[in-house]
Amino acid sequence: MQAYFPLVAYIVIAVAIPVLISVVIGLLGPRKPTATKLMAYESGYPTTPLMGRFPQKFYLVAMLFVILDVEAASFYPWAVQLKTLGVFGLYEMIAFVLVLAIGYAYVWKKGGFSWR
């Protein structure tokens, strides 16, 4: 049980510090709400009832960026360890790329790559 003490201490500290900071800021922070501060704000435009729906295209582009970022970040460790992974590593990366290709084909079919 003593071997887990550093791990438990790390988790307790990692949870306690953000909670403590949030509580202290909430208690000591300035509270001067004005109509401007309480107004909803989205993408640089003040919201009004007449604006309509926010286009979902922005969220799709953001999700595609995140997927591309994770994809690029996963290729580097694979390339560094390519000799030690051998054929198994090659098959794993082929499976990974195939899953990504299926996802990209789905997005392409749905029109996610076209800027209308």
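**Figure 1. Glu 71 and the residues it touches.** In this predicted model, Glu 71 touches Phe 96, Leu 100 and Tyr 104, leaving aside residues up to four places away in sequence. Contact here means heavy atoms within 4.5 Å. Glu 71 sits in helix α3. Helices are DSSP runs of H or I with at least four residues, strands are E runs of at least two, and both are numbered from the N terminus. Glu 71 has a relative accessible area of 15%, so Glu 71 is buried. Buried means under 20% relative accessible area, exposed means over 50%, and partly exposed lies in between (1.4 Å probe, protein chains only). The side chains of Glu 71 and Tyr 104 are joined by a polar contact of 3.3 Å. A polar contact is a pair of N or O atoms within 3.5 Å; within protein, one must be able to donate a hydrogen and the other to accept it, and residues adjacent in sequence count only if both atoms are side-chain atoms.

**Figure 2. The Phe 75 and Phe 96 rings.** One aromatic pair turns up in a search of the whole structure. The ring centres of Phe 75 and Phe 96 are 6.2 Å apart and the planes stand at 75°, so this pair is edge-to-face. Rings of Phe, Tyr and Trp (its six-membered ring) pair if their centres lie within 6.5 Å; planes under 30 degrees apart are stacked, over 60 edge-to-face, and the rest tilted. Phe 75 belongs to helix α3 (residues 57–80) and Phe 96 to helix α4 (residues 82–110), so the pair ties together parts 21 residues apart in sequence. Phe 75 is partly exposed, at 27% relative accessibility. Phe 96 is partly exposed too, at 28%.

**Figure 3. The kink in helix α4.** Helix α4 has a kink of about 70°, centred on Phe 88. The bend at a residue is the angle between axes fitted to the seven residues ending there and the seven starting there. Between its end C-alpha atoms, α4 spans only 35 Å, while a straight helix of 29 residues would span 42 Å at 1.5 Å a residue. That expected span is 1.5 Å times one less than the number of residues. Buried residues of α4 are Gly 89, Met 93, Leu 100 and Val 107. Their cover includes α3. Just after α4, Gly 111 takes a positive phi of about 90°.

**Notes.** Residues are numbered from 1 along each chain as its sequence is written, and side-chain values use heavy atoms, without hydrogens and water. In this predicted model, local features need pLDDT of at least 70 and side-chain atom pairs count only at pLDDT 80 or more, while totals for chains, interfaces and linings use all residues.
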